[in-house]
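Here is a short report on one protein chain.

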Amino acid sequence: MQEELGLLGVVLEKYLQISKMPHDFGVGEVLYPSEIHLISTIALQENISVTELARQHGNTKGAISQILGKLESKGFVTRTPDPDKRSRILVSVTEKGLAAHQGHCAFHSQHDATFISYLASLNQADFNCFSKFCKEMNRWMDLYLNPATSETISDRQGLQEVLEKIKEQENAEQTDK
């Protein structure tokens, strides 16, 4: 299990590197993953509020507003007051933003095809295991992001169970040697 946990660490480090890499999605300008993912969320949910964007992206309204300001100045999005609630700002994509979103989708369709095929080839039990793993990873990352509010007794018990399993695995490996 130690080897798998080491590999998981390597994968997370690679993801961190990828999350900082800008890319041109066919519009002649490079966008960072945080920017293009925001654009794509807006493209899929036209006239979404800044508050909802912040909630969906797990970020503050201030941070989202800052990114939106950059995207608006580059011509990817527009912000307008909600006619029904003037204090709320609604965001929509421009033609340029829609083109970037479409390029982003095409990029992932091509780039992720092998991994998506792998997932599609899994039997139901293996896919359920993958799905559970993703949910547990999400919960685990939430514990890092919000340690005071996310951790519950069951979270600590789950972690304790994992640590005990690792210890058992290491002991079994030592016995086999």
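## Nonpolar core

In this predicted model, the largest nonpolar core has 20 residues. Leu31, Leu38, Ile42, Leu53, Leu68, Leu71 and Val77 have the most contacts inside this core. Helix α2 provides the largest share, with five residues. In soluble globular proteins, nonpolar side chains tend to be buried together.

Take Leu38. Neighbours within four places in sequence aside, Leu38 is in contact with Leu53, His57, Ile64, Ile67, Leu68 and Leu71. Of these partners, Leu53, Leu68 and Leu71 are also named among the residues with the most contacts inside the core.

## Nonpolar surface

Leu7, Val10 and Val11 make a nonpolar surface patch of about 260 Å². Leu7 belongs to helix α1, which covers residues 2-18. Leu7 has a relative accessible area of 53%. The cut-off for exposed is over 50%, so Leu7 counts as exposed.

## Cysteines

How many disulfides does the count come to? The count is zero. A disulfide is a covalent bond between the sulfur atoms of two cysteines. Here the cut-off is 2.5 Å between the sulfur atoms. The cysteine sulfur closest to that of Cys129 is in Cys134, 9.8 Å away, so the two are too far apart for a bond. Cys134 is likewise in no disulfide, and its nearest cysteine sulfur is that of Cys129.

Are these cysteines buried or exposed? Cys129 counts as exposed, at 52% relative accessibility. Cys134 is partly exposed, with a relative accessible area of 34%.

## Overall make-up

The protein chain has nine helices and five strands. From the N terminus, the order of elements is α-β-β-α-β-α-α-β-β-α-α-α-α-α.

The protein chain has 177 residues, and 23% of them count as buried. Its accessible surface is about 12600 Å². Carbon and sulfur atoms account for 56% of that surface. Among contacts between residues at least 6 apart in sequence, 47% join residues at least 24 apart.

Terms used:
Residues are numbered from 1 along each chain as its sequence is written. This is a predicted model: local features need pLDDT of at least 70, side-chain atom pairs count only at pLDDT 80 or more; totals for chains, interfaces and linings use all residues. Side-chain values use heavy atoms; hydrogens and water are left out. Buried means under 20% relative accessible area, exposed over 50%, partly exposed in between (1.4 Å probe, protein chains only). A nonpolar core is a set of buried Ala, Val, Leu, Ile, Met, Phe, Trp, Tyr and Cys residues joined through side-chain atoms within 4.5 Å. Helices (H or I, at least four residues) and strands (E, at least two) are DSSP runs, numbered from the N terminus. Contact means heavy atoms within 4.5 Å. Patches are made of residues with over 30% relative accessible area and no salt bridge: like charges are joined within 9 Å, nonpolar side chains (Val, Leu, Ile, Met, Phe, Trp, Tyr) within 5 Å. Accessible areas come from the Shrake-Rupley method with a 1.4 Å probe; for residues, only the protein chains shown count as cover. A salt bridge is a side-chain nitrogen of Lys or Arg within 4 Å of a carboxyl oxygen of Asp or Glu.
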